[in-house]
Amino acid sequence: MTECAVILAGGQANRMGGGDKGRLMLGNRSLIDRVIERITPQVEAVVLNANGDLSRFDDLSLPVVADSIQDFPGPLAGVLAGMDWAAEQGHEWLISVAADTPSFPRDLVQRLGGYDTPVVLAATPHPERGRLPQPTFGRWQVALREELRAALNDGVRKIRQWTQAQGETLVIFNEDDFFNINTPDDLAWAEQHLK
């Protein structure tokens with residue numbers, strides 16, 4: 001196994017009123033604790049991508065890396081930060097997961113593996129579009145990091161704009177595998193439905 005994982009927690013959580021969304025409690029555990037528990041057995045190492053004062057995550061006992069591209073350009077910058085860390089550690093592949101999605105599959109890494117494209121993204125069924133990409137959940141070839149850095153510096157912000165240009169594979173998961181918590185209503189729903 002040559003995969004490591006980045007937990008993307010660098011966003012501003014505007015729809016939740018700001019702050020670290022991953023610190024929200026779902027039951028008796030935070031979202032980020034649930035994400036760490038799910039991804040850690042699937043990979044060799046885990047890094048957290050966040051911005052601001054990184055010491056606020058010291059209690060998680062994970063390495064933390066900030067975006068190298070300024071002004072909160074979005075999750076692609078978090079993927080790049082993860083790629084840079086992965087390259088330093090000698091990993092060939094990076095798995096990305098979102099800090100606000102606590103119930104992603106426990107076999108995510110296995111199911112994203114085995115494809116020869118440089119980017120493999122999770123997707124879920126969609127009644128009108130056939131499939132709905134979940135682009136913060138993916139498997140990324142670390143060797144692409146300079147191409148990604150150049151794209152971000154050129155203003156690319158949408159994940160699929162870049163991944164489609166690289167050649168991507170979409171892997172279909174179940175409809176409810178990637179419920180992410182963006183609003184207080186989402187959190188209330190999760191309290192009732194997620195285990």
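How many bridges join strand 1 to strand 6, and which way do the two strands run? Six bridges link them, and the strands, with strand 6 covering residues 93-98, run parallel. Keep in mind as you look around that this is a predicted model.

Valine 6 shows both pairings at once. Its bridge partner in strand 6 is serine 96, while in strand 4 its bridge partner is valine 47.

Now look at the side chains. Glu3, Ala5 and Ile7 point one way from strand 1, Cys4, Val6 and Leu8 point the other way, and all of them are buried. Because six of the six residues in strand 1 (residues 3-8) are buried, the strand is largely enclosed by the rest of the structure.

Let us step back to the whole chain. It has six helices and nine strands, and buried residues make up 52% of its 195 residues. Its radius of gyration is 16 Å, which agrees with the value near 16 Å that a compact globule of 195 residues would have. Along its principal axes, the C-alpha trace spans about 40 × 40 × 35 Å. Among contacts between residues at least 6 apart in sequence, 70% join residues at least 24 apart.

Finally, visit helix 5 (residues 159-166), where you will find glutamine 164. This residue counts as partly exposed because its relative accessibility is 49%. From glutamine 164 to phenylalanine 104 is 60 residues in sequence and 23 Å in space, C-alpha to C-alpha.

Key: Residues are numbered from 1 along each chain as its sequence is written. This is a predicted model: local features need pLDDT of at least 70, side-chain atom pairs count only at pLDDT 80 or more; totals for chains, interfaces and linings use all residues. Side-chain values use heavy atoms; hydrogens and water are left out. Buried means under 20% relative accessible area, exposed over 50%, partly exposed in between (1.4 Å probe, protein chains only). Helices (H or I, at least four residues) and strands (E, at least two) are DSSP runs, numbered from the N terminus. Two strands pair if DSSP finds at least two bridges between them. The radius of gyration is taken over C-alpha atoms; the globule rule is 2.2 Å times the number of residues to the power 0.38. Contact means heavy atoms within 4.5 Å.
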